[in-house]
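Q: I have a protein model open and would like to talk it through step by step. Could we begin with the overall picture and then turn to individual residues?

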Amino acid sequence: MAPSFDFVDWWNKEQHRGGTPVVVKMENPNYSMLEIESPKTGFEGGKDKGKNAKQLTWVLLLKAHRAAGCVAWVALGLWTVLAAIKKRLILGQGLADPNTERPRKGRLFKAITGFLVFAIFMLCVEVGAHMMGWHFVGPHWPPAFGVRNLPHAIYVGWIYFRAEYIAPPLQFLINFCIYLFLLQSADRILLCLGCLWIKWKNIKPIPVNSSLESDDLEQPDKGYPMVLVQIPMCNEREVYEQSIGAVCQLDWPRHRMLVQVLDDSDDVETQFLIKGEVSKWQQKGVNIIYRHRTNRTGYKAGNLKSAMNCAYVKDYEFVTIFDADFQPKADFLKRTLPHFRDNPELGLVQARWSFVNKDENLLTRLQNINLSFHFEVEQQVNGVFLNFFGFNGTAGVWRIKALEECGGWLERTTVEDMDVAVRAHLCGWKFIFLNDVRSMCELPESYEAYRKQQHRWHSGPMQLFRLCLPDIITSKVSALKKANLIFLFFLLRKLILPFYSFTLFCIILPVTMFVPEAQLPVWVVCYIPALMSFLNVLPSPRSFPFLIPYLLFENTMSVTKFNAMISGLFQLSSAHEWVVTKKTGRASEADLLSLQESKPPPAKLSRGASESGLDALKQKQEQMHLPPPPLVPSAPKKKANRLYRKELALAFLLLTAAARSLLSAKGVHFYFLLFQGISFLVVGLDLIGEQVS
């Protein structure tokens, strides 16, 4: 197995502190295990001074062992990184086949490489000048000095040129990025204050009439509206069974609900398996149908659009969408649909996500911090104060009339969910976010899957901004709503955030080490980012130990987000790529049953083993005159770790700048550059998240 770089296990072990007796177990096998009986009495003054001295010795010894454990973990982490550098960079072992995995050398990578070459060259020059004793308080042209030789004259000329022609425009760019940074930080603080106000006042959406029961004794289910439930999927072999099973067990009258399994799979065996699972639930009396497209035109948007064009959709009033890895609780519809009653202006009810694998590894823990803030703060505050937020694409209920009025699903971007939400908002429909209604789902466990997901999530909004800006300007909504959409929703949170994160902390900061005349204040490097990270972690208090890794990882991800933002803004080819996020099927059927905390459906359905085996499908395919699936399942592709070139180039750039900062004795800048460089190195070597052979 490949080496890992994760302190999650170490932290979990450190949680078992205190108790009688106390056992301190070192992770390093060279240390022995020490068991110490804890004192039975507290520290008292006057009497038993000898006993108190022993107690103090015991406390100091315990703290020393904890410190030794921390040092051992740091040493182990450093050794892991060095071993990975040797194995993956030098020897090239355990990596994807370079013939099949050829990364494209984009302009961003070439620009970073150019900065790296410049930094290495200037580091050599500065070290040589330092050894020669060429130290200058300020830039002056040679008459102020006695020029010793030609290299000395060249170096003095460089200092003068640097101070007069490079530092001023660089300082202007620094000030501009700081202004954007403060603007975005103010927005983040206002969102947090809004969330605190909601918590303090206990503000939450409450339906006017929470009961759906009909007064007609002969037809008690007449008050339940007709609901269409859609499960779009594509080659979701790992999770199709649990998602279909969860949706089929929703507590709702069967004759007033229809489940559509919208399959875009191009794998024949997966198609038969999903078909068999649908047949199983059909035999149990669930209204469920299977729809398959042979052409993935429009990806998810095209899939949903095709399903909404069915003639029977006109009989339904609401549509609920669940991605293939989502497992709603049985009472999901009963907690969301009552909000539509007596509220004709309501177009969307969005539920919150919760994650079955948030503690799987360091990567999933950091994702949980980000998404917890997104739902707890951003979605909730915007829903309460603005009645608008971006639809998350799943775990939401739409009024079909709202979808039809705004034009339905369009295939023009890779964020079809945000697209339809913006258009519905411009048509005057209101949204509600329910923070207390949750649907279980799965987080990407590998960095490759997470990186592709983030690329789509950050390139799509820029595509959408280009397309819908004329519609926003010419719409009939108020000027306040237009300003919110343009300046806050798109520019500040989708464009400015990745721009200054990458430019300020990954490019400008290391460059200032080689152009010391341009100053980047310490509070921009340390204090404000720490405060923003602290606010991000607030919605998930258990994640406070990961505050610093979160700060470093977010800066590391800025290169991917910046690249995606540029790609979407300028309509580059990568902006139209759609890669289905890889899933592992962590949530088992037992996990799903444990989540059914509410009252079960009137006709309880058994969740036995899957009946969608290939033997049963052979008989069905013969009746349908379909070609048989392959007798021997095709062997899955062998997994392998990857090297991420942009992250590695930035890692060496930051580490080079950290070495240069030692000559300037800039302590905070040195530590930030050092740890940020190590963070880029860990990600570039694919040491975060799922590790494969």
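The conversation below goes from the whole chain to particular residues.

Q: Before anything else, what kind of model is this?
A: It is a predicted model.

Q: How many helices and strands does the protein chain have?
A: The protein chain has 19 helices and ten strands.

Q: And what share of the residues counts as buried?
A: Of the 693 residues in the protein chain, 51% count as buried. The accessible surface of the chain comes to about 33,400 Å², and 60% of that surface belongs to carbon and sulfur atoms.

Q: What share of the contacts joins residues 24 or more positions apart?
A: Taking the contacts with a separation of 6 or more, 80% are between residues 24 or more positions apart.

Q: Where does UniProt place the feature "transmembrane region"?
A: The UniProt record, an unreviewed entry, places this feature at residues 64–85, 112–137, 172–198, 485–514, 520–538 and 669–688.

Q: How much helix is there over residues 485–514?
A: That stretch is 100% helix and 0% strand, and its end C-alpha atoms are 40 Å apart. Over residues 669–688, the chain is 80% helix and 0% strand, with the end C-alpha atoms 25 Å apart.

Q: What does Ile244 touch?
A: Leaving out residues up to four places away in sequence, Ile244 touches Ile231, Met233, Val261, Ile274, Glu277, Val278, Trp281 and Ile288.

Q: Changing topic: how many salt bridges are found in the whole structure?
A: The search finds 21 salt bridges. One of them joins Glu376 and Lys199, whose closest N and O atoms are 2.6 Å apart. This pair links distant parts of the chain, since Glu376 is in helix 9 (residues 362–385) and Lys199 is in helix 4 (residues 150–201), 177 residues apart.

Q: Are those two buried or exposed?
A: Glu376 is buried, at a relative accessible area of 10%, because the limit for buried is under 20%. Lys199, by contrast, counts as partly exposed, at 46% relative accessibility.

Q: What about Lys430, which residue does it pair with?
A: Lys430 forms a salt bridge with Glu345, with 3.1 Å between the closest N and O atoms. Lys430 is partly exposed at 35% relative accessibility, and Glu345 is partly exposed at 43%.

Q: Why are Arg451 and Glu448 separated by about one helical turn?
A: The reason is that they are three residues apart in helix 12 (residues 447–474). Arg451 is partly exposed, with a relative accessible area of 23%, whereas Glu448 is buried, with 11%.

Q: Which residues are linked in a network of salt bridges?
A: Glu126, Arg162, Glu517 and Arg660 are linked in such a network.

Q: Let us look at Asn382. Where is its place, and is it buried or exposed?
A: Asn382 is in helix 9 and counts as buried, at 10% relative accessibility. A polar atom of its side chain lies 3.0 Å from the backbone oxygen of Glu378.

Q: Which residues is Asn382 in contact with?
A: Setting aside neighbours within four places in sequence, Asn382 is in contact with Leu191, Val377, Asn387, Phe388, Phe389 and Arg493. The C-alpha atoms of Asn382 and Ile432 are separated by 9.2 Å, and these two residues are 50 apart along the chain.

Technical notes. Residues numbered from 1 in each chain as written. Predicted model: local features only at pLDDT ≥ 70, side-chain atom pairs only at ≥ 80, totals over all residues. Heavy atoms only, no water. Salt bridge = Lys/Arg side-chain N within 4 Å of Asp/Glu carboxyl O. Helix = DSSP H or I, 4+ residues; strand = E, 2+ residues; numbered from the N terminus. Buried < 20%, exposed > 50% of the residue type's maximum accessible area, 1.4 Å probe, protein only. Contact = heavy atoms within 4.5 Å. Polar contact = N/O pair within 3.5 Å; in protein donor to acceptor, adjacent residues only side chain to side chain. UniProt positions renumbered as here; feature names shortened; annotations may be inferred. Areas by Shrake-Rupley, 256 points an atom, 1.4 Å probe, with all protein chains shown as cover.
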